[in-house]
Amino acid sequence: MGLPRPGFRTGLLLLLLALGGGLALLDLQDAPAPGPVPGDVSGEPDYYLKDARLTRFDATGEPHQRLDTPRLTHTPHDDVTRLEQPDARLIDAAGRVWLANGDHGTLGAGGNPLTLTGDARLLAPAERWQLDTEILHFDADSGHAWSETPAMLRQPPQRMRGERFDAWIHDNRARLTDNVRGHHPPDTREDPES
């Protein structure tokens, strides 16, 4: 007496199960391993954008700040937006355009203040001056730009260096303080009345 032979249906069921298991194994081998979750001490980003342009409007609906960046990342834990190579256009109350850029930047919670780091620069094209520093902050609500790191202010042919810089773009005022040194070449133009 031998064991009864499995029926056709049982054989077909076993064949289908074996085939399904084999296909599942092949599918798992082809799936790429997930990459690392982007994050840092501030938490995991909830979104990032490439080639982004952000425009901020004032209370009257007029644009007063525009940022262009190849990549931005936002983290919801601290509500901070991190920017790579940001270029900013800041528009003052008189409609003058100020330019700012840096290697990196952050927008604080609620989109203010803007902080530029690594070769940060603020340009006032209408006044022909330029500020270079390592860290530059800008409060869009008050129009106040400042740096607490050594800064170089140039307005050719003059240049000045100081430990702290403040500018109020709506008032067209700038101040360089603490250990200020400058180079002011004499005016070599002849006086037309002499």
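Asp166 counts as buried, at 1% relative accessibility. Here, buried means under 20% relative accessible area, exposed means over 50%, and partly exposed lies in between, with a 1.4 Å probe and protein chains only. Keep in mind that this is a predicted model, in which local features need pLDDT of at least 70, side-chain atom pairs count only at pLDDT 80 or more, and totals for chains, interfaces and linings use all residues. Residues are numbered from 1 along each chain as its sequence is written, and side-chain values use heavy atoms, with hydrogens and water left out.

**Salt bridges**

What does Asp166 hold on to? Asp166 forms a salt bridge with Arg164, the closest N and O atoms being 3.1 Å apart. Asp166 also forms one with Arg175, where the closest N and O atoms are 3.4 Å apart. The term salt bridge stands for a side-chain nitrogen of Lys or Arg within 4 Å of a carboxyl oxygen of Asp or Glu. Arg164 is partly exposed, at 23% relative accessibility, and Arg175 is partly exposed too, with a relative accessible area of 42%. Together with Glu148, the residues Arg164, Asp166 and Arg175 are linked in a network of salt bridges.

The whole structure holds 11 salt bridges. One of them joins Arg56 to Asp141. Arg56 lies in strand 1 (residues 47-57) and Asp141 in the loop between strand 8 and strand 9 (144-147), so this pair ties together parts that are 85 residues apart in sequence. Strands (E, at least two residues) and helices (H or I, at least four) are DSSP runs, numbered from the N terminus. Arg56 is partly exposed, with a relative accessible area of 21%, whereas Asp141 is exposed, with 58%.

Here are three of these salt bridges side by side.

| Salt bridge | Closest N and O atoms |
|---|---|
| Arg56 and Asp141 | 3.1 Å |
| Arg164 and Asp166 | 3.1 Å |
| Arg175 and Asp166 | 3.4 Å |

**Aromatic rings**

How many aromatic pairs does the structure hold? There are 2 aromatic pairs. In the pair of Trp98 and Trp129, the arrangement is edge-to-face, with 5.5 Å centre to centre and 70° between the planes. This pair links distant parts of the chain, with Trp98 in strand 5 (residues 97-101) and Trp129 in strand 8 (residues 129-139), 31 residues apart. Rings of Phe, Tyr and Trp (its six-membered ring) pair if their centres lie within 6.5 Å; planes under 30 degrees apart count as stacked, over 60 as edge-to-face and the rest as tilted.

Trp98 is buried at 1% relative accessibility, and Trp129 is buried at 10%. The rings of Trp129 and Phe165 have centres 6.0 Å apart and planes at 65°, so this pair is edge-to-face. Trp129 in strand 8 and Phe165 in strand 12 (residues 164-168) are 36 residues apart, and their pair again links distant parts of the chain. Trp98, Trp129 and Phe165 form one aromatic cluster.

The charged end of Arg71 sits over the ring of Tyr48, 4.2 Å from its centre. Arg173 lies over the face of Trp168, at 4.3 Å from the ring centre. A charge sits over a ring if NZ of Lys or CZ of Arg is within 6 Å of the ring centre and within 35 degrees of the ring normal.

**The nonpolar core**

The largest nonpolar core has 26 residues, and Leu90, Leu114, Leu122, Trp129, Leu131 and Phe165 touch the most other members. Strand 7 (114-124) is among the strands that each supply at least two residues of this core, and strand 7 gives the largest share, 5 residues. Such a core is a set of buried Ala, Val, Leu, Ile, Met, Phe, Trp, Tyr and Cys residues joined through side-chain atoms within 4.5 Å.

**Strand pairing**

Strand 10 (residues 151-155) pairs with strand 11 (residues 158-162) in the antiparallel sense over 5 bridges, and a hairpin joins the two through 2 residues. Arg154 has Arg159 in strand 11 as its bridge partner. Strand 11 also pairs with strand 14 (residues 181-183), in the antiparallel sense over 3 bridges. There, Met160 stands opposite Gly182 in strand 14. Two strands pair if DSSP finds at least two bridges between them.
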